[in-house]
Amino acid sequence: MTSLSELTITINSKYKKNKKKGAIGSLGKKAGHIPGRQKIDNIISMNQGKPGSLLAILEQVQGQNKHNYLPEETLYYISDTLHIPRSQVFSVVTFYSFFNLTPQGKHTVTICRGTACHAQGSKKILSVVSSYFGLSLQEIEEGTPVTTPDYFFTVKTVACFGQCAVAPVIEIDNNMYNNVTEEQLKIILEEIKK
Ligand code: FES
């Protein structure tokens, strides 16, 4: 079982990695204009003081965002309002994969890039997906979720879905697809686009 100190080290290293990648700006910056501030205030007042309130607040604030993400200014605002250090807030949102720091598309395509899926052609799957949407293969491969300009699709990768026996595996909008071939993938994407 992971000890608290190990968890803290993991969180901090994830935070530093995201900071280096530019996903996180300066923690000293002041919170500026906050879109939907009234809704955020309501969420904070409904949850403040309850156990696990930070997680609940972040989850609900992200849920009411049009593009399902937590803008940097919003995180500053939550941090300032709750009097929680910004580093702690950013550590939480970078530790849990369900938090998004960039705008997300209406549909999400997640491609497994683990060893088993790689051996079964996941790189080709990724390449088909990136060219289908006209997105940068390199950017996706670096682990950054990439969204189409019309916010219709977000493409991202995962280290392993835990379904290695049926590789390659992809997930589209919470539906898993096993033993995926290029042909099947194109049919699925065409269906979603309709
Ligand atoms: S490596 Fe892809 S599911 Fe495990």
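Modeller: The open sheet has five strands in the order β2-β3-β1-β4-β5, and the pairing is mixed. Strands here are DSSP runs of E, at least two residues, numbered from the N terminus. Two strands pair if DSSP finds at least two bridges between them.

Colleague: Before we go on, what are the ground rules on numbering and confidence?
Modeller: Residues count from 1 along each chain as its sequence is written. The model is predicted: local features need pLDDT of at least 70, side-chain atom pairs count only at pLDDT 80 or more, and totals for chains, interfaces and linings use all residues.

Colleague: Which are the edge strands?
Modeller: β2 (146–147) and β5 (175–177). Each pairs on one side only.

Colleague: How does β2 run against β3, parallel or antiparallel?
Modeller: Antiparallel, with two bridges. T147 has T154 in β3 as its bridge partner.

Colleague: What's in the turn there?
Modeller: β2 and β3 form a hairpin with five residues between them. Y151 in the turn has a positive phi, about 55 degrees.

Colleague: And how many bridges join β1 to β3?
Modeller: Six, and the two strands run parallel. I111 stands opposite T157 in β3.

Colleague: Other end. How do β4 and β5 run?
Modeller: Antiparallel. Three bridges join β4 (residues 170–172) to β5. E171 has M176 in β5 as its bridge partner.

Colleague: New topic: which strands does helix α7 lie across?
Modeller: α7 (residues 122–133) lies across β1 (107–112), β3 (153–158) and β4. Its direction is about 155 degrees to β1. Helices are DSSP runs of H or I, at least four residues. Axes are lines fitted to C-alpha atoms, for helices over the stretch in contact (C-beta atoms, placed from the backbone, within 7 Å), and angles run from 0 to 180 degrees between N-to-C directions.

How values were computed
Contact = placed C-beta atoms within 7 Å.
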